[in-house]
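Please keep the sequence and the three-dimensional view at hand while reading.

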Amino acid sequence: CSSVGSDSPHLQMMNSLGILLFIPLATSSIFDQAAKGKCIPIDIDLCKDLPYNYTYFPNTILHNDQHTLQTHTEHFKPLMKTKCHPHIHFFICSVFAPMCPIGMPQAVTSCKSVCEQVKADCFSILDEFGIGWPEPLNCAQFPDPPELCMKPTEDEISGGFSAPRVPSKVSSSSSSKPTGCPSDLVDVDPHDPKSHCAFSCQSNVMFSTDNKRMVRSWSIWFAAANAGVAFFSFLTFAIDRKRFRFPERCVFYLSLCIFLSSLPYLSPLIIDAPIRSCHALGNGRSYLSIGTFDNSYCLASFLLNYFFSTAAALWWLMFSFTLYLSGGRKWVPEGIEACSSYVHFVAWGLSSLATIIVLIFNKVDASELTALCSVGNLNSIALLWFVIVPRIICIVIGTCFIVGGFASMCRERISFRTRGTDTSKLEKLMAKMGFFCALFILPNVIELVCQCYKFMILTQWTRMTIECKQQLGACHRPTPPQAEIYMAAVLSNLTTGLSCLVWVLSAKTVNSWKNFIFCGMCSSAPVKSPLEPSTRPLLEPPTAPPPQPPVYMQMTTNPQNAWRPSKVV
């Protein structure tokens, strides 16, 4: 027979619940009210996400303070983790922290039907270890309507709790008043019924602490590698700029944008999460920044992340466009460089315009998962129009230009082969471009798929969290999102630097670095004739055979065929 380890969750549950079997009840019924009770804020960690904020004191079960009650509640934590019933968390917390209506102090706990449903689903787990149903949870002590009791709504899903159902005489006094934000959210402006309910700083609303730690640790490693590769590619272009011309020059700016957009993910190494993503209120509570520019670290991470990631997508679009001009339309580098100002205007101008619009409409928000500020972390509309739609446009149009350029190259390759011309250099160039485009397009497609999943999640969560105040407190939180999909979106964005490395990885790069390291700036590279590159488009025509020497006719000595002067004056 197999033994159960000391850290087994089932053994922990058996030991914990075994202790609860011997907790004596102070009274025969948990609803026998104390002589002079009062309502106090809930101070039990496991029960701070309930739809109510005040509990009755003294507790009618143990007549102890909340610290002792919290210790007893911890014994039920293993049973809560089994999620044997959707309302197990709400039911146990309603016993140890019953609701206390403001204005009429009394303990209001769950209805008897809720207890019976929870017991029917969870008793078998305790019975496996020979543990009976704990006495504090004895369903005979719970009331039935029309007595005061709470009953969660039927559409409640694990991960959030809806407002409890109480008789009309309890709720009628407060039904006409708008409900504030839930306890795990921060009311940005209590006097404004349409203000946001922001995520509390370092709270676990959509993701757990383990999910945050995992994503942040992986993103640091990926960001360091991505920034290092992109910076190496940028330096390779910088030390030998004459070697790279359009369309290769676009990769130079692309690597710069990828490097700068990766820097915010390295900020956890020197800046804590509350400093770089939270905003403090006058009452001491802090929340994740949403629509505010008071946090300079948040604004800086937004500018680096959003502006340069958008510019990177546009520079890749400019690369595909200039590649099409060079390979498909036979433009020489000088012709493209003559129009380079328009290329820079599109890449830098459109990304600047998008950033300015985001700032004007106050769409900057912080991510609970990464603790970085960007666009669309909490707003589905901003995510759609400022992230998803622009990326789709760049990827689709750029892919069309790439396909057009490659089709022209394939036709020229076939034409060269029919003439017997060596096409090895052209084939290497096509393979290099194909590998570069694949390493850039594939991570972006994965990120777009994950962003679409994030959009669908936010359409449900935004209304039940950020806009919960406008729902008059009826905020039934949906199922928590998959943190793995969110992490895939972050990591795929931090792998695009490999495409730049593929472009510069060659023997010429090794020679360039060797000359730069050992020679430095002591000697300059030989300057080519300014007229030579104009005859070298990206797709070179086959080399023409050398001209044949002219055939000279032997002069005759016949005096009749001698040269005669012309009669034309």
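The model is predicted. Its protein chain contains 17 helices and 8 strands. Of the 569 residues in the chain, 46% are buried.

**The chain as a whole**

- Contacts between residues at least 6 apart in sequence can be sorted by their separation along the chain, and 74% of them join residues at least 24 apart.
- The structure holds 21 aromatic pairs.

**Two packed helices: α10 and α14**

- Two packed helices are described by the angle between their axes and the distance between the axes.
- Helix α10 covers residues 296-328 and helix α14 covers residues 424-464; their axes come within 12 Å and cross at roughly 155°.
- Because of this angle, α10 is roughly antiparallel to α14, an term applied to angles over 145 degrees.
- The crossing in which α10 passes α14 is left-handed.
- On the α10 side, the contact is made by A312, W316, F319 and L323, and on the α14 side by M433, F436, C437, F440 and I441.
- By residue type, this contact between α10 and α14 consists of 9 nonpolar residues, with no polar and no charged ones.

- Helix α4 is mostly covered, since 9 of its 9 residues are buried.
- The buried residues of α4 are I88, H89, F90, F91, I92, C93, S94, V95 and F96.
- In α15, the buried residues are A483, Y486, M487, A489, V490, L491, S492 and N493.
- The elements that cover these buried residues of α15 include α7 (209-239) and α14.

**Aromatic rings**

- A pair of aromatic rings is described by the distance of the centres and the angle of the planes.
- Among the 21 aromatic pairs is that of F91 and F142: the ring centres are 5.4 Å apart and the planes are at 40°, so this pair is tilted.
- F91 belongs to helix α4 (residues 88-96), while F142 lies in the loop between α5 (112-127) and α6 (168-171); the pair therefore ties together parts that are 51 residues apart in sequence.
- F91 and F142 are both buried.
- For F252 and Y253, the ring centres are 5.0 Å apart and the planes are at 75°, so this pair is edge-to-face.
- F252 and Y253 are both buried.
- One aromatic cluster is formed by F231, F234, F237, F252, Y253, F259, F307, F308, W315 and W348.

- L281 is placed in the loop between β5 (278-280) and β6 (286-288).
- Although L281 and V188 are 93 residues apart along the chain, their C-alpha atoms are separated by 7.9 Å.
- When residues up to four places away in sequence are not counted, L281 touches V186, D187, V188 and Y287.
- Q451 is found in helix α14.
- The relative accessibility of Q451 is 12%, so this residue counts as buried, the limit being under 20%.
- Leaving aside residues up to four places away in sequence, Q451 touches L383, V387 and I388.

How values were computed
Residues numbered from 1 in each chain as written. Predicted model: local features only at pLDDT ≥ 70, side-chain atom pairs only at ≥ 80, totals over all residues. Heavy atoms only, no water. Axes fitted to C-alpha atoms, helices over the stretch in contact; angles between N-to-C directions. Helix = DSSP H or I, 4+ residues; strand = E, 2+ residues; numbered from the N terminus. Parallel < 35°, antiparallel > 145°, perpendicular 65-115°, else oblique. Left-handed = near helix turned anticlockwise from the far one by under 90°. Contact = heavy atoms within 4.5 Å. Nonpolar A, V, L, I, M, F, W, Y, C, P; charged D, E, K, R; others polar. Phe/Tyr/Trp six-rings, centres within 6.5 Å; stacked < 30°, edge-to-face > 60°. Buried < 20%, exposed > 50% of the residue type's maximum accessible area, 1.4 Å probe, protein only.
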